[in-house]
Amino acid sequence: MKSVLEFKARKGKGRISMSTAYAHWEAKFLAASPVDCVLVGDSVATVVDGEPTTFAATPEIMARHTAAVSRGLGGIDGQKLLLADFPFLAARKGVVPAVECAALLMRAGAHAVKIEGIDGHEDVVRHLVESGVPVMVHLGLTPQSVHGLGGYKVQGKTVDDAEELVRQARAAETAGAFGLVLECVPAEVAREITEALAIPVIGIGAGPHTDGQVLVFHDLLGLNPGFSARFVREFADGNKCVTDGLASFAAAVTDGSFPSKKESY
Ligand code: KIV
């Protein structure tokens, strides 16, 4: 999938798969995979840097990772739709700083940006869309609001909270978003939102009824030691693969079998 037009056309026609990527080597694996699209998530701060929140990601950090991923996906000739996250507060400083952030991310190779929340920055979303920058909106558990939400908790559990989420989802669509990410909400709430919108809804911890699913690359490959969450399925045993590989390397160095004659000049 190369464009937001293809992304939108998939509504109701086949589920969309999305993975995060932060690095060039990850992007090369994704480029060769059938995964539809790629997100340079601000989760880079937690997954790669070990921060407790995503707050440490800045527009410059996001642009640097976006450029690395874009190169790994094949740059201008790449076959995957590439999104980049607006980091902490980047959509909240007004339209001009938001345009500057979007310029950094798009110049780095993103085809679209993802922005957490909608209330209070509908004008930013609308202005970016009218400026030719496709915007995806992220609702539900929005990690940049972790303290306001009282922790990393499932959202939309009461009838009132669920109705509030439906309202926000409609507001995002009205503002011009081409897609939605819905994180950690009950499956039935995600179903209602998916059915209510004409744009694709991508879930993470939002059950099976959305138009697609996104997972963090490291989580889906079992490469995030010590992390587990109910909504994550490990599709590979990356932890074992890496642990065994490192142990074999150390053992081969210790017993002198590496490097061999063939591996020497
Ligand atoms: O930053 C991120 O990785 C994300 C996805 C989990 C949706 O926003």
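**View 1. Contacts of Thr210 in the predicted model.** Residues are numbered from 1 along each chain as its sequence is written, and side-chain values use heavy atoms, with hydrogens and water left out.

**View 2. The loop that holds Thr210.** Thr210 sits between β7 (201–204) and β8 (212–215). Strands are DSSP runs of E, at least two residues, numbered from the N terminus. Thr210 counts as buried because its relative accessibility is 2%; buried means under 20% relative accessible area (1.4 Å probe, protein chains only). A polar atom of the Thr210 side chain lies 2.8 Å from the backbone oxygen of Gly212.

**View 3. Residues around the ligand.** The shell comprises Thr20, Leu39, Gly41, Asp42, Ser43, Asp85, Lys114, His138, Ile204 and Val214. Each has a heavy atom within 4 Å of the ligand. By class, 3 are nonpolar, 4 polar and 3 charged. Here Leu, Ile and Val count as nonpolar, Asp and Lys as charged, and Gly as polar.

**View 4. Ligand oxygen atoms and side chains.** A side-chain N or O atom of Asp42 is 3.1 Å from a ligand oxygen. For Asp85, the distance is 3.1 Å. For Lys114, it is 2.8 Å. The protein covers 95% of the 260 Å² of accessible area that the ligand has on its own (Shrake-Rupley method, 1.4 Å probe).

Note on methods. This is a predicted model: local features need pLDDT of at least 70, side-chain atom pairs count only at pLDDT 80 or more; totals for chains, interfaces and linings use all residues. Helices (H or I, at least four residues) and strands (E, at least two) are DSSP runs, numbered from the N terminus. Buried means under 20% relative accessible area, exposed over 50%, partly exposed in between (1.4 Å probe, protein chains only). A polar contact is a pair of N or O atoms within 3.5 Å; within protein, one must be able to donate a hydrogen and the other to accept it, and residues adjacent in sequence count only if both atoms are side-chain atoms. Contact means heavy atoms within 4.5 Å. Lists of a residue's contacts leave out its neighbours within four places in sequence.
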